[in-house]
Amino acid sequence: MNIKAQSIQTYEAEGIVYHADTCLSLIDAAKRKKVTLKALSRLSYPGDKLDDNTIGLNSVGYWDANKPQDWGLDWHRNEGVEFHFLESGTMPYAQENKEVILEPNYLTITRPWEAHKVGNPNIGMGKFYWVIIDLGVRRPHQEWVWPDWITLTPSDLTRLTTILRQNKKSIVKANSGIRDCFLRINKAINNDVNGSSASRLRLLINHLLILLLDLLNTDDIVLDESLTDSSRSVKYFLQELDKNLSENWTIELMAQSAGVGITRFTYLCKQLTNLTPMRYLAIKRLSLSKELLIERPELSIAEISYMCGFATSQYFATVFKKYEKCSPNEYRLKHTLSRVELT
């Protein structure tokens, strides 16, 4: 099996905002034979190549860990809806800052670009499956578009989509039907040769979605429309902004990257942070600059200003002095002396 990561697909809107997970720690563990890995994938995911008969299915596979592990998948996001299933063993798992220990037959549901991790920090011993389906969205409030080979009736698919998008309960105990479906997916993956299991995989994933609808479609389910509104998109953007502070951001570009209008973005940014977008950006850039001034003494003021997204070192110095009441050099010197005194 090919366990090399293929070219990474990102979502871009002037500045790169979200990166699909590359599973590098899983790839490394498989190469070191710490874990058995079998997968069919495309894009940034490890595994043998999926063919064009399953466009929209980005990754389906499993790992089998039968000895103590020294690796984990830290906080990351995937571009599609992802279903995890634990067949055996136990598995530390976290989603949206909620940490649990998964037990056999537990199923997790991760919405597109929802932060999650496996391991705390290392994964457990167990057999762990996943299915990732790209729904053509890059923000929580955008409409989901399922692959054309998903054959549920429009009413069933609409109901399932609503439940998956608006149900706060993301970890459920699967029934025997879902377990059997994943075991059949296991067999289809193992027997695949250059796409020979494409038909079986399509049927099995449709069957899995029907079983999920049956499991989740109960009268006591509580739906929350806030999980799909534009504030969630803005929240995700602001969380990722730290990774892209060097971009030449304007309010227009930030709103575009968050997938909302300027007025809406400005309002939601103020609501979430109590700051206007440009002030929030400035504070984030200054926070990074202060870290670099102390931790990276080999960097010049000009280099730091560039890394933090300031147009010129002069403008950086002006903004820095406005907020910190001293120049960048004075700040660096003061904190360097403080460190020396402490030692």
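Let's start at Lys33, in the loop between helix H1 (24-31) and strand E3 (36-41). Helices here are DSSP runs of H or I with at least four residues, strands are runs of E with at least two, and both are numbered from the N terminus. Lys33 is not a glycine, yet its phi is positive, about 60 degrees. Lys33 has a relative accessible area of 66%, so it counts as exposed. The cut-offs: buried is under 20% relative accessible area, exposed is over 50%, partly exposed is in between, with a 1.4 Å probe and protein chains only.

A word on provenance. This is a predicted model: local features need pLDDT of at least 70, side-chain atom pairs count only at pLDDT 80 or more, and totals for chains, interfaces and linings use all residues. Residues are numbered from 1 along each chain as its sequence is written, and side-chain values use heavy atoms, with hydrogens and water left out.

Back to backbone geometry. Asn274 also has a positive phi, about 65 degrees, and is not a glycine. Asn274 sits in the loop between helix H7 (262-273) and helix H8 (277-295). Its relative accessibility is 58%, so Asn274 is exposed. Then there is a cis peptide bond, from Asn120 to Pro121, with omega near -5 degrees. Pro121 lies in the loop between strand E11 (116-118) and E12. Why flag these? Most residues other than glycine have a negative phi, and most peptide bonds are trans.

Now the overall picture. The protein has 11 helices and 13 strands. Of its 343 residues, 51% count as buried. Take contacts with a separation of 6 or more: 71% of them join residues 24 or more positions apart. Contact means heavy atoms within 4.5 Å.

Next, cavities. How many cavities of 30 Å³ or more does the search find? Four, over the whole structure. Of the 14 residues lining it, Cys23, Leu73, Glu82, His84 and Trp130 are the closest to its centre. A cavity is a set of points, on a 1 Å grid over the protein atoms alone, where a 1.4 Å probe fits but cannot get out; lining residues have an atom within 4 Å of a point. Points are joined across faces, edges and corners, and the volume is the space filled by probe spheres set on them. Strands E5 (57-65), E6 (73-76), E7 (80-89) and E12 (126-134) each supply at least two lining residues. E12 gives the largest share, three residues.

On to the rings. The structure holds 14 aromatic pairs. Tyr129 and Phe182 make a tilted one, 5.7 Å centre to centre, with 50 degrees between the planes. That pair links distant parts of the chain: Tyr129 is in strand E12, Phe182 is in helix H3 (residues 176-191), and they are 53 residues apart. Both Tyr129 and Phe182 are buried. Phe310 and Phe316 are also tilted, at 5.0 Å and 40 degrees. For the cut-offs, rings of Phe, Tyr and Trp (its six-membered ring) pair if their centres lie within 6.5 Å; planes under 30 degrees apart are stacked, over 60 edge-to-face, the rest tilted. Phe310, Tyr315, Phe316, Phe320 and Tyr331 form one aromatic cluster.

Last, helix H5 (residues 230-240). Eight of its 11 residues are buried, so H5 is largely enclosed by the rest of the structure. Among those buried are Arg232 and Glu240.

Methods
1 Å grid on protein atoms, 1.4 Å probe; cavity = no way out; pocket = protein on both sides within 12 Å on 5 of 7 lines; lining within 4 Å.
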